[in-house]
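Please read them with the sequence and the coordinates at hand.

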Amino acid sequence: MSFFEEIAYGRDHIIKFVHVATGTEVSFPAFIKQFSDNYNVQWQSTDIFGRTDPIQSYQNTKRSIDIGFDVLSDSLEKAKENMEKYSTLKRMLYPMYGEPLTGGDFGAPGAKGRTMRAPPYIRIKFMNYIENVSDTSFEEGLLGCIKGLKFDPKLGTEGPGTFIDENNKLLPKYFSVQFGFEPQHEQTLGWDEQSQFLTEKFPYNTGVRRGSPQLATTTNE
């Protein structure tokens, strides 16, 4: 483990992925280069005769996260390790299946097929920016689904190039990972009749409540 990785893991500055169906885990130092947390409020618009403005009926509030991070390798062995970790992450985008079915399934004698047992839900933990703040779950990491995953090795003039191992396999010294993530919240989000938010830790578990003196503005001098 490199010096920078030791610092990252020692301070929990990592991004961690857990495949819910299998419990498979993989993590990387959080060399984050892109992060955006997006909220889209859905309304149903209904036009009424004689009314200037349509009636807006609330539907839901959807959250989506876009994130990108860099993975660096300072040796051939580290490059192999990082590529295997990334390969594990890619495999986590696929579901769990049961044992093969035989004996005429899928319309042909002796044909084999599998029945899906669990979808590829993933839990992600990135410090307090992506975190499970539900009081009803003891699982670490925010539950959701990855919508897309991009592998971007820095080759040639764009980066430090690649290692080539004894089997003539390319292993990048530096690559980027970008993906979109849509959380599946495990607790009701909203306000109660006492004007208190139901999940006080949402979204970033800062520990600051409304009316707290910690909300005072601070400046750097």
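Where does Pro203 lie? Pro203 is found in the segment after strand E11, the strand that covers 174–183. The points below start from that segment, and it should be kept in mind throughout that the model is a predicted one.

1. Most peptide bonds are trans, and most residues other than glycine have a negative phi.

2. Asn205 belongs to the segment after E11 as well, and its phi is positive, near 50 degrees, although the residue is not a glycine. With a relative accessibility of 30%, Asn205 counts as partly exposed, because that value falls between the 20% and 50% cut-offs.

3. Met127 also has a positive phi near 50 degrees in a residue other than glycine. Its place is in the loop that joins strand E7 (122–126) to strand E8 (142–153). Its relative accessible area is 31%, so Met127 is described as partly exposed.

4. Strand E1, residues 14–19, pairs with strand E2 in the antiparallel sense, and 5 bridges are found between them.

5. Strand E2 spans residues 25–29 and is mostly covered, since 4 of its 5 residues are buried, that is, under 20% relative accessible area. In a regular strand, side chains alternate between the two faces of the sheet.

6. Helix H2 runs over residues 76–91. It has 16 residues, and the distance from its first C-alpha to its last is 23 Å, which is close to the 22 Å expected at 1.5 Å a residue. The buried residues in H2 are Lys78, Ala79, Asn82, Met83, Lys85, Tyr86, Ser87, Thr88 and Leu89. An α-helix has 3.6 residues a turn, so residues three or four places apart point the same way.

7. Which residues does Thr88 touch, not counting residues up to four places away in sequence? The contacts of Thr88, with those sequence neighbours left out, are Thr24 and Val26. Thr88 counts as buried because its relative accessibility is 18%, and the cut-off is under 20%.

Definitions and conventions:
Residues are numbered from 1 along each chain as its sequence is written. This is a predicted model: local features need pLDDT of at least 70, side-chain atom pairs count only at pLDDT 80 or more; totals for chains, interfaces and linings use all residues. Side-chain values use heavy atoms; hydrogens and water are left out. Helices (H or I, at least four residues) and strands (E, at least two) are DSSP runs, numbered from the N terminus. Buried means under 20% relative accessible area, exposed over 50%, partly exposed in between (1.4 Å probe, protein chains only). Contact means heavy atoms within 4.5 Å. Two strands pair if DSSP finds at least two bridges between them. The expected span of a helix is 1.5 Å times one less than its number of residues.
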